[in-house]
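Dear colleague,

Please find below the structure that I am handing over to you. My notes on it follow directly after.

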Amino acid sequence: MNVQGASRATGLPAKTIRYYEDIGLVSPARQANGYRHFSENDLHKLTFLARSRSLGFSIEDCRQLLSLYDDADRSSRDVRALAVQHIADVDRKLGELKEIRKVLSGLVEACEGDHRPDCPIMDSLSGEA
């Protein structure tokens with residue numbers, strides 16, 4: 001299957017598939033004409049990557065997860081440790097987003113939103129607040 005077929009089969013853009021190849025996450029075979037040929041195993045890996053990325057795993061996390069995926073002797077403890085670390089990262093990001101929301105809500109509350117040019121939001125963004 002070529003890159004367009006792999007794109008249709010996995011839902012990943014062809015550009016993303018090429019990028020994953022460039023950084024070594026997948027290694028499709030090359031035909032005599034130089035075109036990529038994606039095997040069923042390549043498609044499974046691409047689907048695995050798509051799902052992992054949709055859960056917010058970083059490229060490096062995906063690299064580790066793929067390595068574990070390919071290792072028949074893997075320990076589920078290693079997979080779990082990656083997932084637990086990712087949950088901690090998500091929790092940290094949620095805390096940051098809550099703080100951002102709190103600051104923005106305060107700025108919106110302080111802004112009259114009328115015809116005057118005075119605006120606490122703009123003052124804060126420009127560092128004048």
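Helix α4 passes helix α5 in a left-handed crossing (the near helix is turned anticlockwise from the far one by less than a right angle; clockwise would be right-handed). The model is a predicted one, in which local features need pLDDT of at least 70, side-chain atom pairs count only at pLDDT 80 or more, and totals for chains, interfaces and linings use all residues. Residues are numbered from 1 along each chain as its sequence is written, and side-chain values use heavy atoms, with hydrogens and water left out.

The axes of α4 (residues 59-70) and α5 (residues 76-110) come within 10 Å and cross at roughly 160 degrees. This makes α4 roughly antiparallel to α5 (an angle over 145 degrees). Where they meet, Asp61, Gln64, Leu65 and Leu68 of α4 are in contact (heavy atoms within 4.5 Å) with Asp78, Val79, Leu82 and His86 of α5.

Leu65 is also one of the residues touched by Ser52, together with Phe57 and Cys62, leaving aside residues up to four places away in sequence. Ser52 lies in helix α3 (residues 40-54) and is buried, at 7% relative accessibility (buried means under 20% relative accessible area, exposed over 50%, partly exposed in between, with a 1.4 Å probe and protein chains only).

Yours sincerely

Definitions and conventions:
Axes are lines fitted to C-alpha atoms, for helices over the stretch in contact, and angles run from 0 to 180 degrees between N-to-C directions. Helices (H or I, at least four residues) and strands (E, at least two) are DSSP runs, numbered from the N terminus. Angles under 35 degrees count as roughly parallel, over 145 as roughly antiparallel, 65 to 115 as roughly perpendicular and the rest as oblique.
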